[in-house]
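Me: I would like a close look at a single part of this model, followed by a connected account of what surrounds it. Please give the cut-off behind each term as you go.

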Amino acid sequence: MTHDLVTSLRPLLTAEASAEAYASGAEPGDLEQAVWLRLLERLEVDGPPRDPHRWLRSAVRTEARRTRRTTRDERPYETEPAGAAEHEPEQLALTAARHRALRDAVRRLPGRCPRLMEALLSPKDLTYREIAGELGISQGSLGPVRSRCLGCLRRLLTPEVAAR
């Protein structure tokens, strides 16, 4: 009985959830999941609804309204909560992953760009004069070379950032 009910309601629920999702700010799958849960809870307590199609439409609209209210009432923090610092394990892991991605991209750069970028990213905080001396190029050409290298780096990182 329950299997037949679920099978018969699935196409209607998919259509109703898709229709209501945009206005509520929810994903259609989230609305579907909430309505399925509501149906299972109802089946356990009261049995199947007398008019399943009408009940389903009403349940989708109710869930959509609930989602709209929740979205409207929830406000993101303007700043991170007190104590949520850069030293939390999750933040440390994310920072380390970003640094690894940057270092990997720097190694893939052409020509002398990897050496230049490593010097610029060095914790020694080298001056342009020191970097130019280390790379054996004039200090005046360091800026244009750096600009080209950053352009290459940007092109390398753009697909990786977009993929995430």
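Reply: Helices (H or I, at least four residues) and strands (E, at least two) are DSSP runs, numbered from the N terminus. This is a predicted model, in which local features need pLDDT of at least 70 and side-chain atom pairs count only at pLDDT 80 or more, while totals for chains, interfaces and linings use all residues. Residues are numbered from 1 along each chain as its sequence is written, and side-chain values use heavy atoms, with hydrogens and water left out.

The part to look at is helix 2, which has 18 residues. From its first C-alpha to its last, helix 2 reaches 26 Å, close to the 26 Å expected at 1.5 Å a residue; the expected span is 1.5 Å times one less than the number of residues. After helix 2 comes Gly47, with a positive phi near 85°.

Burial is the next point. Buried means under 20% relative accessible area, exposed over 50%, and partly exposed in between, with a 1.4 Å probe and protein chains only. In helix 2 the buried residues are Leu31, Glu32, Ala34, Val35, Trp36, Leu39 and Leu43. As background, an α-helix has 3.6 residues a turn, so residues three or four places apart point the same way.

Arg38 forms one with Glu63, and their closest N and O atoms are 2.7 Å apart. Arg38 belongs to helix 2 (residues 28-45) and Glu63 to helix 3, so the pair ties together parts that are 25 residues apart in sequence. Glu63 is buried at 5% relative accessibility, whereas Arg38, at 30%, is partly exposed.

The structure holds five salt bridges. One of them links Glu16 and Arg57, with 3.6 Å between the closest N and O atoms. Glu16 lies in helix 1 (residues 2-24) and Arg57 in helix 3 (residues 52-73), so this pair ties together parts that are 41 residues apart in sequence. Glu16 counts as buried at 18% relative accessibility, and Arg57 as partly exposed at 34%. Glu118 and Arg103 also meet in a salt bridge, at 3.0 Å from N to O. Here helix 5 (residues 113-121) supplies Glu118 and helix 4 (residues 89-107) supplies Arg103, so the pair ties together parts that are 15 residues apart in sequence. Both ends are partly exposed, Glu118 with a relative accessible area of 31% and Arg103 with 30%.

Next come the nonpolar cores. A nonpolar core is a set of buried Ala, Val, Leu, Ile, Met, Phe, Trp, Tyr and Cys residues joined through side-chain atoms within 4.5 Å. The largest has 15 residues, of which Leu116 and Leu142 touch the most other members. At least two residues of this core come from each of helix 4, helix 5, helix 6 (128-135) and helix 7 (139-163). A second, separate core has 13 residues, including Leu5, Leu9, Leu12 and Trp55. With contact taken as heavy atoms within 4.5 Å, and residues up to four places away in sequence not counted, Leu116 touches Ile131, Leu135, Leu142, Val145, Arg146 and Cys149.

The Cys113–Cys149 link is left-handed, with -80° about the S-S bond. Cys113 lies in helix 5 and Cys149 in helix 7, so the link ties together parts that are 36 residues apart in sequence. Cys113 is buried, with a relative accessible area of 9%, and Cys149 is buried at 0%. Cys152 is in no disulfide; its nearest cysteine sulfur, that of Cys113, is 5.3 Å away.

As for the whole chain, the protein has seven helices and zero strands. Its radius of gyration, taken over C-alpha atoms, is 28 Å, well over the 15 Å that the globule rule gives for 164 residues, so the protein is more spread out than a compact globule. That rule is 2.2 Å times the number of residues to the power 0.38. Along its principal axes the C-alpha trace spans about 85 × 35 × 25 Å. Of the 164 residues, 28% are buried.

Notes. Salt bridge = Lys/Arg side-chain N within 4 Å of Asp/Glu carboxyl O. Disulfide = S-S within 2.5 Å.
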